[in-house]
Structure formats: C-alpha cells, structure tokens
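Subject: A structure for you to look at

Hi there,

Here is the structure I promised to pass on. Please open it next to this email, and I will walk you through what was found.

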Amino acid sequence: MSEQRALKNPYADYTGPGCTQDMFDMQGNMTHQFASHVSRKIGELLAIMENGLKNADPRDCTCYTGWAGISLLYLHLHSVFGDPSYLQRALDYVSLSLRSLTQRWVTFLCGDAGPLAIAAVVYHRLQKPHEAEECVNRLLQFHQCVVQGNGRLPDELLYGRVGYLYSLIFINRQFQQEIIPIQYIQQVCDAVLLSGQSLSQKNRIQEQTPLMYEWYQEEYVGAAHGLSGIYYYLMQPGFVAGEDRLSSLVKPSVKYMCQLKFPSGNYPPYVGDSRDLLVHWCHGAPGIIYMLIQAFKVFGVKQYLEDALQCGEVIWQRGLLKKGYGLCHGAAGNGYGFLALYKITQDPKHLYRACVFADWCMNYGKHGCRTPDTPFSLFEGMAGTIYFLADLLQPARAKFPAFEV
C-alpha cells in the first residue's frame, strides 16, 4: 500500500567516497560544480515562484501557506547568500502578512505569532530597533493566554502551545541573544507538561506514559500535530526547569512513543493505527527522526540513534512522494531527515542521500506528482523546495524551517 504513495527511488545508494565525485569531494565538501547547479536552480525556481504568487490568496498571512512563509524563505536566502535584495523582499512579504493577521491562532506556522516573529527579525537585520521591539511586544501579548490556556488550546506545533514556543525560540536564535527571557520559554513548557499529565491521568495511562497529547480527539504521533514534535521541544536544554521532570516525565513518555514503531522502522500517524502508510515530515519517520536524535543527545541511549538511522532507511526507500516536492508532505521535507542524520553522525552517506533528494527536487514537476493546493507556499509548495536547496549549500547549519531548533 505504501508504494502507492511514493515513487520508486531510481538512484543508486552510497557505496563510498568515489561514487559521489559529481556531488561532493573525497573530504565530504560539496563540489563547486554541484553547488553552482543548486544555486542556479534556486534562481530559476524563485522566478517561477514569484510569477505564481501573483495568484496567491492575498489574505493568507501564515507561515505555512501564506506571505509570512515567503518572507521566511527570503530571510533564509539572505542568511545563505548575503544579498540585501533578499532582505528587502522579506520585508515586502512580511508587511503583506502583518496587514492580514487573523487573531485566531497563536502559533508560528498557522497563526499570528509567526508573522510577528519574522517581522521582528527582518526589522532587526534592517537596523530598525523600534519596529523590531514593537513586534516582539505584540508577540509577548499572547504569552499569558498560552500559559494559562482555556481548555481548548492544544499543545502541538501547528496550532498549539509549542507552535507559540517556537516563535520565542526563533527570536532568540535569530537575534543571537536572550531577547525573550528563558523563564517565558519555561512557563510555556510547564503548561505543556501540565496538559500532558492531565490527559494521561484522564485516560488512566500514566503507568504506560506520564504524558499524553491529542489533537481533534486523536493521539497523534508525528512532528506537526503529535507527540514527537512536542517531546522534541521538551528535551531542548533548559526548556524544562528541573532535571527531575525531564527524567520522570519526558524520558518514559519518549520510551512509550518509541514502542509504537512498525517493523519497517516507520511510525503510525496516531496511537492505535496499524497502517504503515505515511512517510511525511508531518506524519511518519521523517518528522520523528528529530525527536529520536534529541533523545540520543539528552539521554545517551544508543537505541534512539539506531531508531533514527532506521528512519533514514525508511525515507530512502519510500520518501520520494507522489504528493510532490514540499516540506510538510514532500521530498524536500523528507530530505531534511538525511541532513539531520548527517549532522549527528558526520557519515557522508546521509549527505549523499540529501543531495540525491535535492537532485530529484531540482527536476521539479517532471515526475507526475500532485500539484498542491498552494503550489508556491513554504510548507506545501515550491518555496519550501527552494529553502531546502539553499540549506543543502550549508549542510552543517541546515535546519528544518519553523521547527528545528
């Protein structure tokens, strides 16, 4: 059944340094020839994207499918290439986004927090401190309602508490200083822990897992809506105050989640689902890989790294998706899993595999894949593919956008 969702991987796998000379050299550095090819393709796709955006929804302010996501792409391109025109484009698009805020959701990807955080960083780079400070202050106005909640606020990344949490992290990382005090971050994590304990107790499963989360009455597992995305943030150094809660609450919950693994190495979209179908960042091994790597870093359990490597095998076999070339459920998002493995292992096999997925993406539209609903957006469409290609030029610093810390 899974093969119906993916195209057969036509590429030969890594067999040693000699097999990769057109992509990177014997020292594991990308060849000038391949890097130039990637850079040219970025330019070509940007031109197509810009033309396509003329028909985009003018009211979509979000990072996921709207103007804030395009701004984040240009902010990233400015970081990679240093071209000031990219920073101006980032300002243009985030300005569109700020005019269309919905005041419905509070997250980075699907709410108002993302546009405000991105705008703050754009203004900071443009040396406009007053405008940047105003955006940060507006972002912090959501903090109390996120921490206190109203019983309806979920905890997941796209629409919930950790989606707001990422906005705070993004500010600090981009400003390279603690603009948002660590206490604000810890308070959000405290609220997430409390929520997870409450549901676990309500469902009477605290003996199996001290923390449980749900979204629309389903206990999702993946990075976008589920357990793995939440645990990834709870395991970041300093985010949870007190080592005791990390070991007593988060560690056994991660262990429980790992027991959901299919024999293939993939994971179900939600607890209780026995169908080994989805190999996406949002649902399946490509998103769960980040939780596993972080668990290995924090707890030192080798099995977590082995499980992450098994996720890599799943992506290699089943990651060239018919859904297309995007981040959320496409080949670019799946390619980031290889970059994550490369950073933790330094094994050139994973960089090779990322380059192969990039090669697939650079043949954009030639594989008969489905056209997404928002074909030029960051998380569904071409903007996300461009972001991945730019990150491939600096693999040691690559991070899955709007998610990876």
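How many aromatic pairs does the structure hold? The answer is 32 aromatic pairs. Please keep in mind that this is a predicted model.

Let's take one of these pairs as an example. The ring centres of Phe-379 and Phe-400 are 6.0 Å apart and the ring planes stand at 65°, so this pair is edge-to-face; planes over 60 degrees apart count that way. Phe-379 sits in the loop between helix 14 (348–362) and helix 15, while Phe-400 belongs to the segment after helix 15, so the pair ties together parts that lie 21 residues apart in sequence.

Now on to the helices. The axes of helix 1 (residues 32–52) and helix 15 (residues 382–392) come within 10 Å and cross at roughly 160°. That makes helix 1 roughly antiparallel to helix 15, because angles over 145 degrees count as such. Their crossing is left-handed.

Which residues make the contact? Helix 1 contributes Phe-34, Val-38, Ile-42, Leu-45, Leu-46, Ile-48 and Met-49, and helix 15 contributes Met-382, Ala-383, Ile-386, Leu-389, Ala-390 and Leu-392. The residues of this contact divide into 13 nonpolar, no polar and no charged.

Happy exploring!

Methods
Residues numbered from 1 in each chain as written. Predicted model: local features only at pLDDT ≥ 70, side-chain atom pairs only at ≥ 80, totals over all residues. Heavy atoms only, no water. Axes fitted to C-alpha atoms, helices over the stretch in contact; angles between N-to-C directions. Helix = DSSP H or I, 4+ residues; strand = E, 2+ residues; numbered from the N terminus. Parallel < 35°, antiparallel > 145°, perpendicular 65-115°, else oblique. Left-handed = near helix turned anticlockwise from the far one by under 90°. Contact = heavy atoms within 4.5 Å. Nonpolar A, V, L, I, M, F, W, Y, C, P; charged D, E, K, R; others polar. Phe/Tyr/Trp six-rings, centres within 6.5 Å; stacked < 30°, edge-to-face > 60°.
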